[in-house]
Amino acid sequence: MKKEILCYGDSNTWGCIPRWKDSLLPSKRYDEETRWPCVMASELGSGYHVIEEGLGGRTTIYDDKEELYKRGIDYLLPCLLTHRPLDLVIIMLGTNDLQLRNQREPLTKERLGNGIDELVKVVKNTDKCGRGNRPPQILLLAPIPIKQALGRTGVYANFGGEEGEKLSRLFPEVYEQTAKKYECGFLNAACYAEPDDGDGVHFSRDSHPRLGRAVAAKVKEMMEE
């Protein structure tokens, strides 16, 4: 029986190719040989089935005022039940929480982990989505920090500029605390991936395979415990 893994994230899980210029055309996606969930699946081999569930702009618990369907917590439960039984849920969300348009009040370090905390609780409290009336294991990936781009320079301001960058550099500390609190696996994506110079938010091409291999190693470690 294959082990089922759900990758729940935003555009960096979907595999968005960074753009150097603004465009009204739909985003383009890296191919299956490049995207980190696909690389992870290849590394894991035939005993695993990996489900890619990435959506551009997805937040944890915050409303996108322009596209309300992007609040991650709203779709998480239906997604878990759709793909059950699951052995592992990998969550990498939080970057879009920094977008100023998604905040009714400025995000702070104290509130930075609120969203991921709520998502973890949804998985932990959904026994029916795992095997044997147990919830699946959870692996939290701390998102990479944002940076000022060389291409689409205006993106930086949308994510809070310098303050947003400072907060994004706190993801590893905050998410590791959440992982310990709920006994989840943890990996800092920034150890393997970096934002592209095009927009300062999306993974560079080389980042995807590096992260995919690292996550695969972590998954094997968790599955063998």
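A pocket is an open set of grid points with protein on both sides within 12 Å along at least five of seven lines, and its lining residues have an atom within 4 Å of a point. In this predicted model, the second largest pocket is lined by Ile61, Tyr62, Asp63, Lys65, Arg71, Asn102, Gln103, Arg104, Glu105 and Arg111. The space in this second largest pocket comes to about 170 Å³, and the residues of its lining divide into two that are nonpolar, two that are polar and six that are charged.

The largest pocket has a volume of about 700 Å³. Its lining is made up of 30 residues, of which Ser27, Gly57, Gln99, Arg152 and His202 are the closest to the centre of the pocket. By residue class, the lining of the largest pocket holds nine nonpolar, twelve polar and nine charged residues.

Attention now turns to the interior. In soluble globular proteins, nonpolar side chains tend to be buried together. The largest nonpolar core in this model has 38 residues, and the members that touch the most others are Leu80, Ile91 and Leu140. Two or more residues of this core come from each of strand S1 (3-9), helix H3 (72-82), strand S3 (88-92), helix H4 (114-124), strand S4 (137-142), H5 and helix H7 (171-182). When residues up to four places away in sequence are not counted, Leu80 touches Leu6, Leu86, Val89, Val122, Val123, Thr126 and Cys129. Another core, of 24 residues, lies apart from the largest one, and among its members are Trp36, Met40, Leu88 and Val219.

Val215 is placed in helix H8, which covers residues 207-223. Because its relative accessible area is 0%, and buried means under 20%, Val215 counts as buried. With its neighbours within four places in sequence left aside, Val215 is in contact with Trp36, Met40, Ile90, Leu139, Leu141 and Leu187; of these contacts, Trp36 and Met40 are among the residues of the 24-residue core. Between Val215 and Asn133, which are 82 residues apart along the chain, the separation of the C-alpha atoms is 26 Å.

Terms used:
Residues are numbered from 1 along each chain as its sequence is written. This is a predicted model: local features need pLDDT of at least 70, side-chain atom pairs count only at pLDDT 80 or more; totals for chains, interfaces and linings use all residues. Side-chain values use heavy atoms; hydrogens and water are left out. On a 1 Å grid over the protein atoms alone, a cavity is a set of points where a 1.4 Å probe fits but cannot get out, and a pocket is an open set with protein on both sides within 12 Å along at least five of seven lines; lining residues have an atom within 4 Å of a point. Grid points are joined across faces, edges and corners, and a volume is the space filled by probe spheres set on the points. Ala, Val, Leu, Ile, Met, Phe, Trp, Tyr, Cys and Pro count as nonpolar, Asp, Glu, Lys and Arg as charged, and the others, Gly among them, as polar. Helices (H or I, at least four residues) and strands (E, at least two) are DSSP runs, numbered from the N terminus. Buried means under 20% relative accessible area, exposed over 50%, partly exposed in between (1.4 Å probe, protein chains only). Contact means heavy atoms within 4.5 Å. A nonpolar core is a set of buried Ala, Val, Leu, Ile, Met, Phe, Trp, Tyr and Cys residues joined through side-chain atoms within 4.5 Å.
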